[in-house]
Amino acid sequence: MSSRFPWLSWGYTLLLAMVGGLLFKWFNLPVPWLLGPMILIFIGSRLLRGRRLQLAWPAAARDAGTIIVGYSLGLSLTFSTLSRIGQQLPSMIVMTVLLLLFSTATAYLISRWTRIPFPTVLIGSIPGGLTQMVLLAQELKGIDLTVVTFLQVSRLMMIVIFVPLLIFSPLFGVDLNTVTEAITHSSPGWSSLPPTIWLFVVVCPVAAVIGKRFNFPTAYMLLPMLVTAVIQLAGIPGPALPATILDAAQLMIGSSIGLMLHPEQLERKLQMIILAVGSGVVLLIFACVMSIILIQWHHLTPATALLSMAPGGMDQMGIIAHEVSADIATVSCYQLFRTLLIFLAVPTFLRMFIRRISMH
């Protein structure tokens with residue numbers, strides 16, 4: 001039934017996503033329209049496994065949500081913020097390299113413990129873009145795609161769930177009610193959107209599609225962010241979006257993430273679940289340690305430092321940064337720098353490593 005009438009699956013998934021968002025909103029939980037749909041759809045997809053009607057979510061909806069997030073992140077990239085970020089380039093290099101080295105060491109230990117080939121665990125452990133790591137796993141020979149996808153998605157879900165809880169915990173002192181009230185009052189209405197919004201409505205999706213065509217990393221988020229920043233720097237300011245649009249974008253992305261995890265496809269389920277949770281916790285602890293160093297180095301707020309170091313995707317961390325009123329430009333630049341470095345360096349390293357293994 002799902003293949004013959006995909007709109008039924010999409011509609012049912014949308015219904016679950018909206019219920020999840022409303023439940024999280026009702027209980028005053030952080031980032032409700034991202035976490036609510038993600039968790040409820042993950043649970044629903046497990047309960048419906050084997051039934052005629054399966055949950056499904058169109059890729060176009062996920063991409064549209066990512067474009068919206070990219071545009072919102074691009075609004076924060078002004079002359080003043082970019083000049084300030086330029087002063088933090090040494091720390092970006094140091095922190096990114098340390099995170100990659102720690103991920104590599106963790107992957108090596110996991111590989112020795114589980115006897116899973118090191119390249120597979122490494123691609124599953126590196127905190128790069130989920131899409132890029134899965135595509136890389138498909139390109140390389142001898143990589144277990146199921147393990148890579150499970151490790152990447154489970155870590156992403158853990159980061160997206162636990163980072164907001166950490167930020168709103170007493171450790172960081174961010175008050176959820178204060179942030180929610182500030183966002184509500186600062187969010188513009190539909191009638192206040194200027195005509196220039198149509199320029200961005202056209203340019204951002206076109207840039208995303210072109211970037212995807214040329215295999216640009218995280219094209220649907222990165223290209224709208226960059227073109228928005230360029231247009232703003234050229235003298236045409238982009239208007240902030242109403243809260244309903246940003247909530248819809250979070251729902252579209254959260255729904256997609258909730259459908260990605262398939263633990264039933266793993267051969268050693270219990271071992272892999274323990275492995276995924278353990279490695280995710282260790283990586284998050286290491287990111288917290290680095291965020292403390294970053295706070296002392298550049299006097300950033302705790303929320304900004306943690307989101308800059310968190311090993312999640314740039315779009316998810318950008319959403320959380322917006323929700324908690326962190327410095328979005330700083331978070332985006334640290335996440336972007338890591339994404340680009342991973343995209344440029346990791347594939348070359350892995351190809352050389354696998355070639356060297358095959359020669360012996």
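**Close-up views of a predicted helical model**

**View 1. I197 and what it touches.** Setting aside neighbours up to four places away in sequence, I197 is in contact (heavy atoms within 4.5 Å) with Y71, P239 and L241. This is a predicted model, where local features need pLDDT of at least 70, side-chain atom pairs count only at pLDDT 80 or more, and totals for chains, interfaces and linings use all residues. Residues are numbered from 1 along each chain as its sequence is written, and side-chain values use heavy atoms, with hydrogens and water left out. I197 sits in helix α10 (residues 197-213); helices here are DSSP runs of H or I with at least four residues, strands are E runs of at least two, and both are numbered from the N terminus. With a relative accessible area of 11%, I197 is buried (buried is under 20%, exposed over 50%, partly exposed in between, using a 1.4 Å probe and protein chains only). G238 is 41 residues from I197 in sequence, yet their C-alpha atoms are 6.7 Å apart.

**View 2. Helix α3, mostly covered.** Helix α3 runs over residues 59-74, and twelve of its 16 residues are buried. Among them are Y71, I67, I68 and V69. From first C-alpha to last, α3 reaches 22 Å, close to the 22 Å expected at 1.5 Å a residue (that is, 1.5 Å times one less than the number of residues).

**View 3. Q88 in its loop.** Q88 is found between α4 (79-86) and α5 (89-114). Beyond four places in sequence, Q88 touches H298, L300, T330 and Y334. With Y334 there's also a side-chain to side-chain polar contact at 2.9 Å (a pair of N or O atoms within 3.5 Å; within protein, one must be able to donate a hydrogen and the other to accept it, and residues adjacent in sequence count only if both atoms are side-chain atoms).

**View 4. α12 against α15.** The axes of α12 (residues 243-258) and α15 (residues 314-323) come within 11 Å and cross at roughly 145 degrees (axes are lines fitted to C-alpha atoms over the stretch in contact, and angles run from 0 to 180 degrees between N-to-C directions). On the α12 side, the contact is made by L246, Q250, I253 and I257, and on the α15 side by Q316, I319, H322 and E323.

**View 5. The whole protein.** The protein has 16 helices and zero strands, and buried residues make up 52% of its 360 residues.
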